[in-house]
Amino acid sequence: MGSHRTARAVIAAAVVTAITAAAVLIMGFVWRGAGGNRAQVSYNAVDMRAQMLDNGDLRITQTFDYRLESRGTPWRQMFQQYTLSSDRLTTISDISVTDLTTGRTYTQDDTVHSPSGYGDAGWDSECAGRWYIADITQSESHPDPFDPELDALTATAVGEPAQTKDVEIGWNIPSTRSAKSMRIELAMTWHGVATAYDDVVALEWEPFSALNSTPAARVTGTFAFPKGISESNSWAWLHTGAASETTRLDDGSLQFTVTDLPGGEYINVVVMAERQPTSAVSREQAGRMKQRILEQERREARIASNARQREARGRLIIWLIPAVLALLLVVGALIGAKRACAQGRRHTEALEYWREPPDMSPAAAAALITDVMPGIQGSRDDRQMTSTLLSLVTKGAVAIYPGSAAGYRGLDLSRADCVSIGQLIASDPRREADAAGMCTLVIMPRVYTDRAGLQLCRSESALLDVLLRASERIGLPVFDFGQMQAALKDWRQGYAWLRGFEDACNAEYQALHATVPVGVGARMLGGAAMIASWLTAFIYTAAVGQVALALVISLPLLFAATFAAQVSPRQAFTAQGEAYADQVGGLMRYMEDFSEFGDRGVFDTVLWGRYMVYAAAFGISDKLMEQMERAYPQLADPEWANVHASNDGLVYWSARRRAMRARGGAFGMHGMHAGGSFSSMVSSSFSSVGSTIRDAMPQSSSSGSRSGSRSSGGGGSFRSGGFKGHSGGSGGGRGGAR
């Protein structure tokens, strides 16, 4: 019994958890769809490589993996815009554009073509496959020509009044309605980026500025120093407010990864290296800058770390409060379920067999067997009504004959005997066919003259009242079940009479005092824990987009809560109830194994009539008949049944059914017996969760954390991630598509 309940609880918990998991994933995809991927143009990924040259220039290669959503007009032009400044980026040259998706290398075009001025065929033949660089300082819609040499800015020292220009590097793609992936490589050289001080060479590289509106799911980058520079004599910092990770290699290179970069968020790389005697950086400025830059970065890192800790701790509180509440409820539910299971466990060894009818009504036995043996066949209500009706037959209150009432017209069934009716049916094939599908019920005269002498229990009396009301509506004491169903179809008061029978059944069962309620607290706590788990899943997924938290916190809690609510028994047997349980359980096993007993004695129709009543209560009527036929093969002999079983209608008609089936007949009492992708979504969520947990740690205990710095070997970097430092480095990149 316990293992059966446990298995059902596990299955129920698994089903509920699986359904919730599906809902969590759907909400996760919806959340992501409403976030970064909502933009018409976005980056699936961006990979950037910047090599610092000996003269302070940067050789940059950027690979953009575009995602283009469908819109009213086709996509035809992509671009990257940068800001030139005389004190940090004087010009951009050596440009090349390659479509990595098709392998096509674009050629330079001196003219900037407007995508709206062409049809698809004209654009693809005249403009596609070309790139341009233009001055957009005055107007983005009316760009001016730009020559990297002639229009380059004259370098000025840092801090002096600077000249600026905005330039756009664009390339014309074939007319494209939409694209899940289009990979473009842009290579170029940035001039005049670094500044040489007396002690260090420093520069800032800003591939994405705060003006960039194109979101990116993932950005990876590498910044490499010239030969002779290593981690021991160089420093590097990543400034960004997005989730990020950084690594310094032995050659001094800075590698970084930024996850879920939204529009309006910048990426700024600040680097510094000790000045070498052979330095060829063209922009020079007197003074020592190393300590000033270190102090500035430490100060900005400290401010960013404090802000990040406050934000992360706030998020952790929001995450943990519902999770802790759900956990406490789950623990309470599991403890309550364990106690309830201990209470519900039988404390006495069950009797193997019980040979007498139990000391209770059939309706009470039908209810009790459900608690003794969960999973019993048939609903409890059906078994209670069927067994009670059969009990009325054995007590002489009613009689049941095979066939419809119309087949007995002219016969007084209240005085008829089973033998004569059986012979009548067997002699007429039409009656035999009629007997196979219907039963006729007869209310015996004694019900009207000596009801008290029938010694009916409460449930039997209540069911008899229902039959009497049906008889009154039909107008006859003899009716078949078809007539009864038609008569009661529109009986508005019938529900009250049927409710009276159900109340009587419940009262008889309660009068046994066989069980006491248990596990109420466990089920209440389990239900509350399920609600709390669902709420945490909703908060984690729909509110903050943390699918990972829902998967690793909410779903296990939900599984445990559902299991606790389902595994807890609702009733526990009292000492008296265990004795009753022995009777019904033992009798059921006895009836199922009856043919194996060698001491069963002479066939007793009275006892077997009561057996059939309780077999209906237990839902094993067919099994009992099989055992009876094996134990008493003589039941197949009609003559034997006429002599030895005619005084009990239930036994007689069961025997006749066996005999008729043996010779090809079929009549019996039918109806009388219980006869973005998922992986990227989860990966992104886990990454964000891990960052938040790390950010919430005190700085003194987060060795090697994102806001830490190296102090050994004279070098330094923020090795585990970026921080929200200053922006405004060289370039100020912003991209898009038209």
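1. Tyr-590 is buried, with a relative accessible area of 6%. Buried means under 20% relative accessible area, exposed over 50% and partly exposed in between, using a 1.4 Å probe and protein chains only. Phe-594 is buried too, at 3%.

2. A word on the source: this is a predicted model, where local features need pLDDT of at least 70, side-chain atom pairs count only at pLDDT 80 or more, and totals for chains, interfaces and linings use all residues. Residues are numbered from 1 along each chain as its sequence is written, and side-chain values use heavy atoms, leaving out hydrogens and water.

3. Now the rings. The whole structure holds 14 aromatic pairs. Rings of Phe, Tyr and Trp (its six-membered ring) pair if their centres lie within 6.5 Å; planes under 30 degrees apart count as stacked, over 60 as edge-to-face and the rest as tilted. Trp-205 and Phe-223 form a tilted pair, 6.3 Å centre to centre with 40° between the planes. Both Trp-205 and Phe-223 are buried.

4. Back to Tyr-590. Its ring and that of Phe-594 have centres 5.5 Å apart and planes at 90°, so this pair is edge-to-face. Ring pairs also link Tyr-590 and Phe-594 with Tyr-353, Trp-608 and Tyr-611 into a cluster.

5. Charges also meet rings. A charge sits over a ring if NZ of Lys or CZ of Arg is within 6 Å of the ring centre and within 35 degrees of the ring normal. Arg-738 has its charged end over the ring of Phe-79, 4.1 Å from the centre. Arg-104 lies over the face of Tyr-106, 5.8 Å from the ring centre.
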